[in-house]
Every structure is written in C-alpha cells, then in structure tokens.
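Hi there,

Here is the structure I promised to pass on. Have a look at it first, and my notes follow below.

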Amino acid sequence: MATFVDRVVLHLQAGDGGHGCASIHREKFKPFGGPDGGNGGHGGSVSLVVDPQVTTLLDFHFRPHVKADSGKGGAGSNRDGANGHDLVLKVPNGTVVQTLDGTVLADMVGAGTTFEVARGGRGGRGNASLANAKRKAPGFAELGEPGDQLDVVLELKSVADVGLVGFPSAGKSSLISVISAAKPKIADYPFTTLVPNLGVVRVDNHTFTVADVPGLIPGAATGKGLGLEFLRHIERCAVLVHVIDSATLEPGRDPVADIETIEAELNEYGGLADRPRLVAVNKVDVPDGRDLAEIVRPDLEERGYRVFEVSAATREGLKELTYAMAELVDAQRKAAPPAEPTRIVIRPTAVDDEGFTITAETDGSFTVRGVRPERWVKQTNFDNDEAVGYLADRLARLGVEDKLAKAGAQPGDLVRIGEREFDWQPTLYAGVEFTPGNRGTDVRLEARSNRARAAERLAARKARRVRSGDEVGADASDDIVDIGDEDDAE
C-alpha cells in the first residue's frame with residue numbers, strides 16, 4: 001500500500017444555506033400577529049490549513065470526496081436556523097492548490113496558512129426580515145443559496161533547503177541517513193527510493209533541511225521512470241547537490257556523463273538554472289571509486305563545481321560537505337527578501353460598476369451575469385408569485401430592465417440569469433408599485449398570467465363534482481320513471 005501521495009484530485013462540496021421560513025404569528029385573540037419567520041443558517045465552508053505534522057496527501061487519496069454541513073432552515077417565532085459547521089482540512093507544507101486546467105489558486109507555504117477553497121451558501125431570509133412598509137406580511141421567504149461545488153488538484157512540493165539529485169543507487173538515501181536523523185529504506189537495487197525523504201541537518205548554529213529526491217534517469221523530464229513525478233520536489237530547494245556514484249559497474253557511466261545527463265533533465269524541466277550546485281562524489285571507500293574520483297575531479301572543477309569526495313559508509317568528507325551546504329543555504333537566506341506580514345488588500349467597487357453585465361447572444365437571447373442577480377435568482381421560489389414579483393422589483397431597481405432595453409431586447413425575448421430562463425416583459429414592472437394582496441400572490445402577475453389560480457382551480461374541481469352528482473341523480477330518476485311506466489303498461 002502506498003504511504004506517500006503527493007498529488008490528488010479533491011471533489012469539494014460546500015454546505016448549502018438553509019431556507020428561510022414564511023410564518024405568521026398567531027395566538028388567542030390575535031389571529032394575525034405579523035410575520036415571524038426566521039432566517040436559514042449559512043452553509044459550512046471548506047478550508048485548507050497547513051499543518052507541520054502532516055507530510056503526505058495520503059488521507060485525501062482514499063477519501064477524495066469532501067462535503068461540509070448545510071445550514072438548517074428557519075422556523076416560526078423568529079427562530080433562525082443553525083449554521084453548518086465549517087470543514088478544515090490539514091495539508092502538508094508546500095501544497096499547491098490548482099484547478100483541473102492548471103490555474104493556481106493558492107500556494108500554501110508556512111505553518112498555519114489558511115485558504116478557503118469552497119464557500120458555503122448563504123441562508124435564505126425569512127419573511128420577518130423581508131417585511132417593509134409596503135410589504136408588511138410577506139407570504140414568501142428566500143431559499144438557501146447552494147454552496148460552491150468544484151474539483152481541485154492538490155500538489156505537494158516539498159519545502160527543503162538542499163536537494164540531493166542523482167541516478168538511482170548513487171547513495172542519496174545513505175547520505176541523508178548519516179547526516180540527519182532520517183531513516184529511509186536503503187538497498188542495492190534501482191529505485192529503492194520511491195518517495196522523497198526529508199532530513200534535518202544541524203551544523204554549529206545552522207539548521208537546514210535536506211530532501212532526497214528519487215533517482216532520475218535520462219528522459220525523466222518527459223515522463224520516463226519516477227523522475228517526472230518527483231522533480232517538483234526540488235523546485236523550492238535553494239541548493240542542489242549532485243550525488244555521483246564513483247563505483248558503478250554499469251557500462252557507459254562515469255561522473256561527468258552522469259552530471260551532464262542530470263543537468264539536461266533539470267534544464268528541460270525548467271526553473272532551476274539559478275540554484276547553486278555542489279558535487280558529492282560518493283563511495284570513495286571503494287578503491288576503484290577513489291581512483292575514479294581523483295581522475296574526474298579536475299574536469300568537474302573546470303566546469304565550476306565544488307567537488308567533495310565522500311563516503312556514506314565511513315563518513316569520510318561529510319563534515320566538509322555539510323559545512324558547504326550550510327554556507328550556501330545561509331547565503332541564499334540572506335539574499336532572499338525579508339518576509340513581510342500579509343497585508344489586507346481592500347478593493348472598493350468602482351463608481352461606474354453596475355454589478356452586472358448583459359451579453360447579446362447569437363441566437364437572439366440575452367444573458368445577465370453578476371453576483372447579485374444570479375444569487376437572487378437562486379434564492380427565489382418560483383412557485384410563489386409574490387416571490388417572483390419581489391425578484392422582478394429587485395432586478396428593476398438594480399437597473400437590469402433599463403439596460404436590457406438599451407441592449408435591444410424586445411418583449412418576449414429570452415433572458416437568462418444563472419440557470420433560469422425568462423420571457424422578458426418590459427412593461428410588467430416598470431413604474432408599477434407593489435400593491436399588497438393575498439399572501440403569496442402579486443396582482444401584477446395575475447394580470448399577465450393565463451394560468452388559473454389555486455383557488456380558482458379548487459372551485460372548478462368542486463363545480464365539476466357538483467355537476468357530476470346532479471347528472472348522476474338525473475339519470476337515476478329517469479330510470480325509475482321508465483320502470484314505473486312499464487309496470488303501468490302491463
């Protein structure tokens with residue numbers, strides 16, 4: 001079973017907002033005490049937080065579907081619904097959050113860094129909150145807003161100061177095991193290291209982290225071997241150390257050729273040309289290895305590398321290597337710009353920002369886009385005429401009606417707002433104020449609607465039943481008369 005996962009796809013669902021309540025207060029001797037419907041609770045959000053104790057994305061690999069709690073609905077007597085609990089997911093330091101198409105949403109570095117990736121829906125307002133001077137007892141309430149639903153990719157890029165790179169079985173795992181407290185798996189066959197290993201190294205007053213990246217082979221940057229999966233773990237390293245196997249028995253292998261091959265893969269991957277390099281020629285405890293190290297040392301130094309002959313088995317040369325690492329890491333830290341506290345950026349709405357846009361489509365329809373219009377449509381109960389009239393009033397006050405007319409919309413044209421489609425009637429609400437009527441109705445819609453009201457449909461059903469009963473009675477009396485006539489005739 002895998003014990004390290006550095007890339008997962010999460011299917012996130014924030015909580016939906018609870019519906020508002022449409023209720024009228026009633027008590028003895030007070031049959032109509034005014035609206036008292038409570039608001040719905042807000043849905044829970046899904047957030048990511050960096051936890052230093054978490055080192056892998058393994059938990060999300062087995063449970064990729066994440067859903068937060070939804071808000072509860074409001075109730076009568078001005079009782080608001082409970083908010084849904086926010087869901088906080090712990091991720092490793094260095095996690096990059098991005099969309100499926102590769103757009104980066106957040107780069108989470110530093111313990112405690114938090115990012116809200118899916119926002120919970122707002123709770124709908126009850127009729128007590130919707131009441132005003134003209135609409136004293138609303139017969140409707142707002143629906144809860146759906147929570148965000150999206151898929152994101154979590155990609156882990158290890159945060160380390162020094163990255164050890166090299167061919168498989170070059171001795172990287174052995175090296176990190178002796179200079180730090182890390183205990184990676186070590187064996188004498190290729191691809192022993194299947195996951196990056198991190199170790200903490202202390203040299204005098206300097207402390208830095210070292211990452212052992214799984215072995216690279218030619219073509220790793222294009223997908224061969226394991227290199228492509230783990231090259232991302234050296235992106236954040238300040239120093240790169242080439243670990244060279246001076247005792248390899250493979251034909252065509254030598255320290256200079258190995259470095260050239262690894263450098264070619266790093267250049268093809270991109271973004272690592274400015275990192276300082278060191279070369280650690282490992283396994284000099286083997287006689288042939290020491291001889292080869294002495295032969296290639298001048299060639300490597302001519303190329304500008306600082307070369308260290310080391311042995312993870314006898315610990316030869318490790319002190320000088322770790323001091324060189326500490327020196328370069330300290331220089332990189334001093335050259336880095338000082339960390340600044342997170343600033344709160346306030347972006348006020350522009351004076352001429354209407355809050356929505358209208359687009360004329362090629363099929364003759366019009367699409368209204370905007371945060372507020374789309375949210376209002378989601379929160380409207382279209383089975384309630386009064387709620388529909390309230391939505392139309394809000395859209396008219398926002399200026400949607402006027403802008404549709406200026407865009408060339410004609411009566412009867414199709415207008416889309418969010419997932420809803422409407423037949424535009426520009427004269428239905430313009431200049432017509434709301435006139436209170438029966439709860440749940442709007443006289444402006446009654447004038448335009450050909451559909452019978454609920455009370456009318458109920459009266460029609462009763463009338464049909466009465467007529468049916470009269471017809472049955474008439475037929476029965478006719479049958480009785482006919483029988484009587486036949487008796488008389490006999």
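You will find Ser47 in strand β2, which spans residues 46-50. Leaving aside residues up to four places away in sequence, Ser47 touches Leu87, Val88 and Leu89, and also Thr114, Phe115, Glu116 and Val117.

Before going further, please keep in mind that this is a predicted model. The mean pLDDT of the protein chain is 80, and 80% of its residues reach 70 or more. Among the elements of the chain, strand β3 (residues 65-67) has the highest mean pLDDT, at 95, while helix α4 (residues 227-230) has the lowest, at 52. Two stretches deserve a note if you plan to work with the coordinates. Over residues 189-194 pLDDT stays under 50, and the model has 18 contacts there beyond four places in sequence. Over residues 219-228 pLDDT also stays under 50, with 22 such contacts in the model.

On the chain as a whole, there are 490 residues, of which 44% count as buried. The protein chain holds twelve helices and 18 strands. Taking contacts between residues at least 6 apart in sequence, 70% join residues at least 24 apart.

Next, the annotation. The UniProt record, an unreviewed entry, has a "binding site" annotation that covers Ser173 and Thr193. Ser173 sits in helix α3, residues 172-179. With a relative accessibility of 8%, Ser173 counts as buried because this value is under 20%.

From α3, the contact is made by Leu175, Val178 and Ile179; from α7, by Leu318, Leu321 and Thr322. What kinds of residues make up this contact of α3 with α7? Five are nonpolar, one is polar and none is charged.

That is what I have for now.

Best wishes

How values were computed. Residues numbered from 1 in each chain as written. Predicted model: local features only at pLDDT ≥ 70, side-chain atom pairs only at ≥ 80, totals over all residues. Heavy atoms only, no water. UniProt positions renumbered as here; feature names shortened; annotations may be inferred. Helix = DSSP H or I, 4+ residues; strand = E, 2+ residues; numbered from the N terminus. Buried < 20%, exposed > 50% of the residue type's maximum accessible area, 1.4 Å probe, protein only. pLDDT = per-residue confidence, 0-100. Contact = heavy atoms within 4.5 Å. Nonpolar A, V, L, I, M, F, W, Y, C, P; charged D, E, K, R; others polar.
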